[in-house]
Amino acid sequence: MKKLTGVKHIKQTELKLSEPPTDPNRIGDIAEYYAITYLWDSGYHVFKNCGCTGPADLVAMTPEGKIILVDVKSYKDSRLSARTDLQKKLGVQYLHFNSETRKMRFVEHKK
């Protein structure tokens, strides 16, 4: 096996787990990855938005071909952010991630 040069190898005993992340961007990244696996486990095919902007983070498709646009939101309490007018027009569904419990839930939007 070829040895990599210039790369510091860390022994497993040197690795220390830090406190859970508090950076909102990191929490958002974690939320999206949890959302992807949550949707996979629920039987969806999942496609990620390649950019960092737009009305939806994910496109989810059922095995029957039904498309759902998903915007992932992280939260610690019961506050809900409002969808934009464009998100309402497109039928974007919010999927909330609790960063403390690591649980996901779809939001029931008012019509």
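Which residues of β2 lie on its covered face, and which on its uncovered one? In this predicted model, Leu58 and Ala60 make up the covered face, while Val59 and Met61 sit on the uncovered one.

Now for the overall layout. The protein has two helices and five strands, and from the N terminus on they run α-β-β-β-α-β-β. Mean pLDDT comes to 83 for the protein, with 76% of the residues reaching 70 or more. Going by element, confidence is highest in β2, with a mean of 97, and lowest in α1, with a mean of 91. Of the 111 residues, 26% count as buried. The accessible surface is about 8900 Å², and carbon and sulfur atoms account for 54% of that. As for contacts between residues at least 6 apart in sequence, 30% of them join residues at least 24 apart.

The five strands form an open sheet in the order β1-β2-β3-β4-β5, with mixed pairing. β1 (45-48) and β5 (103-106) are the edge strands, and each has a single partner, so one side of each is left without a neighbour in the sheet. From one strand to the next, the twist averages 30°. Helix α1 packs on this sheet and touches β1, β2, β3, β4 and β5, with its direction at about 110° to that of β4.

Strand by strand, the pairing goes as follows. β1 and β2 are antiparallel and share four bridges; here Lys48 stands opposite Leu58 of β2. β2 and β3 are also joined by four bridges and run antiparallel, with Leu58 facing Val70 of β3. These two strands make a hairpin with five residues between them, and Gly65 in the turn has a positive phi of about 100°. β3 and β4, by contrast, run parallel and are joined by six bridges. One of the residues involved is Asp71, whose bridge partner in β4 is Tyr94.

The largest nonpolar core has 14 residues, and Leu39, Leu58, Val70 and Val72 are the ones that touch the most other members. At least two core residues come from each of α1 (24-41), β2 (58-61), β3 (67-75) and β4 (93-98). The largest share, four residues, is supplied by α1. Such grouping is no surprise, as nonpolar side chains tend to be buried together in soluble globular proteins. Leaving aside residues up to four places away in sequence, Leu58 touches Ala35, Ile36, Leu39, Val46, Phe47, Lys48, Ile68, Leu69, Val70 and Val72.

Two further residues, one in each helix, are worth a look. Is Gln87 buried or exposed? This glutamine lies in α2 (residues 85-90), and it counts as buried because its relative accessibility is 4%, against a cut-off of under 20%. Pro24 is 50 residues away from Ser74 in sequence, yet their C-alpha atoms are 8.8 Å apart in space.

How values were computed: Residues are numbered from 1 along each chain as its sequence is written. This is a predicted model: local features need pLDDT of at least 70, side-chain atom pairs count only at pLDDT 80 or more; totals for chains, interfaces and linings use all residues. Side-chain values use heavy atoms; hydrogens and water are left out. Buried means under 20% relative accessible area, exposed over 50%, partly exposed in between (1.4 Å probe, protein chains only). Contact means heavy atoms within 4.5 Å. Accessible areas come from the Shrake-Rupley method with a 1.4 Å probe; for residues, only the protein chains shown count as cover. A nonpolar core is a set of buried Ala, Val, Leu, Ile, Met, Phe, Trp, Tyr and Cys residues joined through side-chain atoms within 4.5 Å. Two strands pair if DSSP finds at least two bridges between them. Axes are lines fitted to C-alpha atoms, for helices over the stretch in contact, and angles run from 0 to 180 degrees between N-to-C directions. pLDDT is the predictor's confidence in each residue, from 0 to 100.
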